[in-house]
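Trainee: Could you help me learn to read a protein model, one feature at a time?
Mentor: Gladly! Let's look at it together.

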Amino acid sequence: SGLLSPFQCESLWAYRQEYGGLSSLQELAWVDGFPASWIEEHRPFLRVAETGAPGDRPSSSGMRHELQLRARYDVEPSVEGSGIPVGGSLKYQAAGGPWELGLILEQDVEEPRFPDYAAGYLAAEPYLMGHRAKVVLGSYQLRLGQGLVVWKGFSVGAAGSPSQLLRRGETVVPYRSTDEVNALTGIALTL
């Protein structure tokens, strides 16, 4: 027995074959067998890898481009005239060499303006002073202190052993989610 049931494994595999890799944990709720309650319960143990869809190939310029569009429609608006009955998101990402660029536009159903959330970033991983550095300009997240300082989703929960609590990851990561509350904005640099 493991974290995922055989049904969840098959559902996730089928979803990835059809739509590519997950872009956020919220997207996992669209996969059969992963209700929102299960995701929240297991959030400390879940991570969405920063990889492209299966079969992604760089363009002739060496850049990989990805465009993701999602739409939602509210068939019964809660208050007539309260906002736009259509919602959705647009995500664009271009990456190649040490550079990455991203743009996110998101619209909740019945919000009065479009987009109700916009974020973007330009990230690079150059060599500075003989070390690999990371620079993010725009929206980013920090992952520091095993979640005791800054690392979204940290919870002790029911871990089987203390070694399962150890988190590894990059200190600064571009913010690629449509979640409107978890990003920092500005410039971040690690050496």
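Trainee: Which residues make the nonpolar surface patch of about 500 Å²?
Mentor: Trp-99, Leu-101, Leu-122, Leu-137 and Ile-187 make it. Patches join nonpolar side chains (Val, Leu, Ile, Met, Phe, Trp, Tyr) within 5 Å, or like charges within 9 Å, from residues with over 30% relative accessible area and no salt bridge (a Lys or Arg side-chain nitrogen within 4 Å of an Asp or Glu carboxyl oxygen). Accessible areas come from the Shrake-Rupley method with a 1.4 Å probe, and for residues only the protein chains shown count as cover. Keep in mind that this is a predicted model, where local features need pLDDT of at least 70, side-chain atom pairs count only at pLDDT 80 or more, and totals for chains, interfaces and linings use all residues. Residues are numbered from 1 along each chain as its sequence is written, and side-chain values use heavy atoms, leaving out hydrogens and water.

Trainee: Is Leu-122 buried, partly exposed or exposed?
Mentor: Buried means under 20% relative accessible area, exposed over 50%, and partly exposed in between (1.4 Å probe, protein chains only). Leu-122 counts as partly exposed because its relative accessibility is 35%. You'll find Leu-122 in strand E4 (residues 117-124); strands (E, at least two residues) and helices (H or I, at least four) are DSSP runs, numbered from the N terminus.

Trainee: And what about Glu-106?
Mentor: Glu-106 has 6% relative accessibility, so Glu-106 counts as buried. Glu-106 belongs to strand E3 (residues 99-107).

Trainee: How many helices and strands are in the chain?
Mentor: The chain has 3 helices and 9 strands.
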